[in-house]
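Please look over the sequence and structure below before reading the notes, which treat the pairing of the copies, then a sheet, then a helix.

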Protein chains: 2
Amino acid sequence: MSEIILHNYYRSSTSYRVRIALEMKGIKYRYVSHHLRLGEHLEPAYLAVNPQGLVPALIWSDGALLTQSLAIMEFLDEIQPQPPLLPPDAQGRARVRMLSQMIACDIHPVNNLRILTALRTLYGAGDEDVANWFRHWVNETFQPLEKILAESSDTGKFCHGDSPGLADICLVAQVANNARFNLNMVPYPVISRISAECLTLPAFIKAAPANQPDAE
Amino acid sequence: MSEIILHNYYRSSTSYRVRIALEMKGIKYRYVSHHLRLGEHLEPAYLAVNPQGLVPALIWSDGALLTQSLAIMEFLDEIQPQPPLLPPDAQGRARVRMLSQMIACDIHPVNNLRILTALRTLYGAGDEDVANWFRHWVNETFQPLEKILAESSDTGKFCHGDSPGLADICLVAQVANNARFNLNMVPYPVISRISAECLTLPAFIKAAPANQPDAE
């Protein structure tokens, strides 16, 4: 058994998710930064660790490679169940995974750096085009997400009840990304309230992009 | 308790995933089709059911709305554990979820109909541009996926061991989509072998796009 390593980047929102989960679980790890804009994640030394060349990647204490932020967080929740990231009942877990995946599948993948770069390269998209693309896909999902959160009695202080979990982690990381593209959050009072609530908690504060060693 | 309803579309690969899981679990459901190319998923009657206006959506027997294919499949696995979609150990589950999410987060979202339509509308992309975009993002992930599957002793007849599970479901649905865009599968012998193996199983056959009532 050796140390746990997180390959990540301060501003990567999927990295931010995993950092929050590690902090919530009280799991110590070594922080290894890969500067995405400089392409450090595509260097041969990192591809030898993670063939997909993406962050985050967690190297567990036995050397196993774990990638994909939701898979990593579910793993952490299984090996260290307290505090739980998912509710105890199957329908509650389905709801929290649904809310998480609305962000992790329907927003983030179409708005991450490699897609925005492809729009610039292939179609000559400029800064404003890229920002419009980003905001469009966030709004497409945030509108129903806000409605689902606002109308359900399962929503509490956080996305599901009164304890933070998987969906709140995804939410906070997305809201942080939105700020970089000046997304108007006024139509999203419930999302904004939950995000603000999360940001008062030590795990979320410690994991925040601005508080990482590679923050610029 | 009333019937279980699956809102879906024969050619939607995320719908295909859920159909496979329902068949594997032996859960009966009513098939409700929404023709995506005709925009039927955006009609007010469906938005009242699922505010996100996407398929698949599963209406459980108590009326609860479940969306997001991975969340739905994990739910089905929890309420009907046999045959399991995930292995018994935490690291095995993390690996299967990782493989699933490589497809469900890194390929499908950037290649689905709404994104391809946006490329046409915003940037005047033509059929060949759209096909190139699709193939590019599949190859970006299929290359490391093939490598991970080929090099790991955890890979068996299927993605993880000798029973089909969550990752195989995602794999088969993606490979079916690839065929529509003439993706060259020669560089992917392990993925091709696993996909072919799955397609001999009754659950996968019953759930296949061509075997649905709305198939064209």
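In chain B, 100% of the interface residues are also interface residues in chain A, so the copies meet through the same surface, contact being counted between heavy atoms within 4.5 Å. This is a predicted model, in which local features need pLDDT of at least 70 and side-chain atom pairs pLDDT 80 or more, while totals for chains, interfaces and linings use all residues. Residues are numbered from 1 along each chain as its sequence is written, and chains are lettered from A in the order in which they are written.

**Symmetry**
- Chain B is superposed on chain A by a rotation of 180° with 0.0 Å of shift along its axis, at an RMSD of 0.0 Å (least squares on the C-alpha atoms of residues with pLDDT of at least 70 in both copies).
- That is the relation of a two-fold axis.

**Sheet of chain A**
- Four strands form an open sheet in the order β2-β1-β3-β4 (chain A), with mixed pairing; strands are DSSP E runs of at least two residues, helices H or I runs of at least four, and two strands pair if DSSP finds at least two bridges between them.
- Because β2 (30-33) and β4 (65-67) of chain A each have a single partner strand, they stand at the edges with one side left without a neighbour in the sheet.
- Strand β1 (residues 5-8) of chain A runs parallel to β2(A), joined to it by four bridges, and Asn8(A) has Ser33(A) as its bridge partner in β2(A).

**Helix α1 of chain A**
- Of the 13 residues of α1(A), 12 are buried, meaning under 20% relative accessible area with a 1.4 Å probe, protein chains only.
- Just after α1(A), Gly26(A) takes a positive phi of about 70°.

Technical notes
Heavy atoms only, no water. Buried < 20%, exposed > 50% of the residue type's maximum accessible area, 1.4 Å probe, protein only.
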